[in-house]
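Thanks for coming. I have a few short notes on one structure, so please look at the display while I talk.

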Amino acid sequence: MVAKGTKGRTRNSQVINGLTLHSKSKMFQKTGRKYIKNKLAKKVEKLAPKTSPRFYPVDEAPKPLARSFAHKAAKLRSSITPGTVLIVLTGPYRGKRVVFLKQLKSGLLLVTGPYKLNGVPLRRINQAYVIATSTKVGDVSKVDVSDVNDDLFKKAKKEAGKKKSEDKFFESKDEDKKKAVPDSFKQLQKRVDGALLPLVKSTEYLKSYLQSTFSLSHGQYPHLLKF
């Protein structure tokens, strides 16, 4: 039932035809519809605006690449077999002729002079830096090098000590001397030389061949030579 005296009345009366007393937004507040709208409205999380850094590094440091591979020993060349005479192409024994004994787990070649003939001790060398010749010492299976591995040639790490003063730097001559070769390595070298020398002496001119140093004279080209 409509209350007496309220029929046909409105809160927003017309002042003139087409013009109301209150605006639409004002009536929206007066009727209380804004509270209903706020309750039904979904809460939207405001994202923080992305801001660029104020300072940039002068040099961009390269990021190291992730490497996931296992170390694999290099395949031995078919021309290099135990007992083959090799020519060293680099290092302190460049030009020396050495005898190949075996390939180590690291892929490097174990060679020796022998030491008594040309002064080349037991050493490791990469097969990329040797020339394989057709000359062979013979059967070197009797030369026992089963206990020789890569750990034998590893150098001990230097301990970080205090900085030397200017006077002590010139006085410390004893520290700069080469470290003595351990007796165990000397015994191993004698054992290997003792097994190789009879094989060398059994072949004519092989001793002088190993003692000589390889070199090229004028007019000789390595790609035309047969080793």
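I will go through a threonine, a proline and some aromatic residues. Keep in mind that this is a predicted model.

Let me begin with Thr112. This residue belongs to strand 5, which covers residues 109–112. Is Thr112 buried or exposed? Its relative accessibility is 0%, so Thr112 counts as buried, the cut-off for that being under 20%. Around Thr112, leaving aside residues up to four places away in sequence, the contacts are Val98, Val99, Leu101, Val120, Pro121, Leu122, Gln189, Val192, Asp193 and Leu196. Val120 from that list also has its backbone oxygen 3.4 Å from a polar atom of the Thr112 side chain.

Next, the proline. Pro114 sits in the loop that runs between strand 5 and helix 3, residues 115–118. The peptide bond leading from Gly113 into Pro114 is cis, and its omega is near 5°.

Now to Tyr205. You will find Tyr205 in the loop between helix 5, residues 183–202, and helix 6, residues 206–211. Tyr205 is not a glycine, yet its phi is positive, at about 65°. Tyr205 counts as exposed because its relative accessibility is 64%, and the cut-off there is over 50%.

Last, the rings. What lies over the face of Tyr209? That is Arg97, at 4.3 Å from the ring centre. As for rings that pair with each other, with centres within 6.5 Å, the count comes to one aromatic pair.

That is the end of my notes.

Key: Residues numbered from 1 in each chain as written. Predicted model: local features only at pLDDT ≥ 70, side-chain atom pairs only at ≥ 80, totals over all residues. Heavy atoms only, no water. Phe/Tyr/Trp six-rings, centres within 6.5 Å; stacked < 30°, edge-to-face > 60°. Lys NZ or Arg CZ within 6 Å of the ring centre and 35° of its normal. Helix = DSSP H or I, 4+ residues; strand = E, 2+ residues; numbered from the N terminus. Buried < 20%, exposed > 50% of the residue type's maximum accessible area, 1.4 Å probe, protein only. Polar contact = N/O pair within 3.5 Å; in protein donor to acceptor, adjacent residues only side chain to side chain. Contact = heavy atoms within 4.5 Å.
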